[in-house]
2 protein chains.
Amino acid sequence: MASSKNSKEMETLKEHLAKHQLKLTRQRELILNAFLRQEHITAEAMYHQLAKTDPHLGLATIYRTLNLFCDAGLAQARHFGSQTQYDNVSHKGHHDHLICTGCGKIVEFENCDIERLQEEVATRNGFTIQTHRLELYGLCSRCHH
Amino acid sequence: MASSKNSKEMETLKEHLAKHQLKLTRQRELILNAFLRQEHITAEAMYHQLAKTDPHLGLATIYRTLNLFCDAGLAQARHFGSQTQYDNVSHKGHHDHLICTGCGKIVEFENCDIERLQEEVATRNGFTIQTHRLELYGLCSRCHH
DNA sequence: ATCATTTTGAGATAGCTTATCAATTTCAAC
DNA sequence: GTTGAAATTGATAAGCTATCTCAAAATGAT
């Protein structure tokens, strides 16, 4: 099974921990491993997922660790509905969201042309893009009567 | 002072009410008037704002009414931080944002090509876009060493 | 191995939104 | 203008998500 021990994300995390006098714990490794397998996930979902193998992992720890990943630049929090989605930044840019305001249906999409134009806009303004967020809100075919 | 009595938003609301056997109340008129003066607002903020003139208007009524406006297509809920922003759909100020993760600087931009591509994506998926949100995160020229 | 420091887990707490329900208001039919 | 069934309101309780608290445990530099 693939370990995150040597992944570049694990290196990023270790750097962040060192820079802020934080410690590498079993839980942080565990949660990073699980997180890297997702494109995005909620703390609650990760809690239930990890409970199968680690029943004593606390929900607060999951929240704390996912927020730590945000600080380290590995994750990005996105408020969605009543919950917070933690996006895996290494997958970011590969899917944006179409959200139906009628029924809440979510369709993921990716569009290289849009991403290229985003780069153009950024370059024109002297920016170097790290991540982005694109959400289109509207009515899906079933809600659009 | 401009009244919403004859505004097209009031007409939209009345249509929605009629269609769903709902009633036009003093509170709904009041809240619509206040809402139309905003580009976006939270329920809490509107509660405090209206409390000055109508101290007995309940917070639950504000929430219910703003959600009603969403159903009627006048407003759009957007989760931001821990709160819900209710956007005034008629003020479609379509500026997107470039946000520097180094210094927090925000640059507004608009790009017709991106918007056209968004429409394409939406159409391809059977969606009709009401609003969108595009945020590019990165480093500005001064923070990019 | 030691020990100051950080982290964890479990539950309490906080913040935002919705549900409950008796009293009030609306509005269509008289 | 009255009436009365149905919808709405206000106050508060309840529900959910996320954070805080703190004693116990784990980490990692020495």
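A:Y137 stands opposite B:T131, a residue of strand β6 of chain B. Two strands are said to pair if DSSP finds at least two bridges between them. Helices (H or I, at least four residues) and strands (E, at least two) are DSSP runs, numbered from the N terminus.

The structure is a predicted model, in which local features need pLDDT of at least 70 and side-chain atom pairs count only at pLDDT 80 or more, while totals for chains, interfaces and linings use all residues. Residues are numbered from 1 along each chain as its sequence is written, and chains are lettered from A and ligands numbered from 1 in the order in which they are written.

In total, 32 residues of chain A are in contact with 32 residues of chain B, contact being defined by C-beta atoms, placed from the backbone, that lie within 7 Å. On the side of chain A that touches chain B, the elements giving two or more residues are β2 (75-80), β5 (106-109), α5 (112-124) and β6 (128-139) of chain A. Of these, β6(A) gives the most, with 12 residues. By class, this side of chain A has 15 nonpolar, 14 polar and 3 charged residues. In this division, Ala, Val, Leu, Ile, Met, Phe, Trp, Tyr, Cys and Pro count as nonpolar, Asp, Glu, Lys and Arg as charged, and the others, Gly among them, as polar.

How are the two copies arranged? Chain A can be laid on chain B with an RMSD of 2.7 Å by a turn of 177° and a shift of 0.0 Å along the axis; the superposition is by least squares on the C-alpha atoms of residues with pLDDT of at least 70 in both copies. The two copies are therefore related as by a two-fold rotation axis. In chain A, the C-alpha nearest this axis is that of A:L134, at 2.1 Å. The same surface serves both copies, since 97% of the contact residues of chain A recur in chain B.

Within chain A, β4 (residues 96-100) and β5(A) run antiparallel and are joined by 4 bridges. A:I99 stands opposite A:I106 in β5(A). The two strands form a hairpin with 5 residues between them, and A:G104 in the turn has a positive phi of about 85°.

Chain B contains an open sheet of 3 strands with the order β1-β3-β2 and antiparallel pairing. Its edge strands are β1 (40-42) and β2 (75-80) of chain B, each of which pairs on one side only. Between β2(B) and β3(B) there are 6 bridges, and B:A75 stands opposite B:N88 in β3(B). Helix α4(B) packs on the sheet, touching β2 and β3 of chain B.

Two or more residues each come from α2 (26-36) and α4 (59-71) of chain A and from α3 (43-51), α4 (59-72) and β3 (83-88) of chain B. The largest share, 4 residues, comes from α4(A). The surface divides into 7 nonpolar, 13 polar and 6 charged residues.

How values were computed:
Two residues are in contact if their C-beta atoms, placed from the backbone, lie within 7 Å. Axes are lines fitted to C-alpha atoms, for helices over the stretch in contact, and angles run from 0 to 180 degrees between N-to-C directions.
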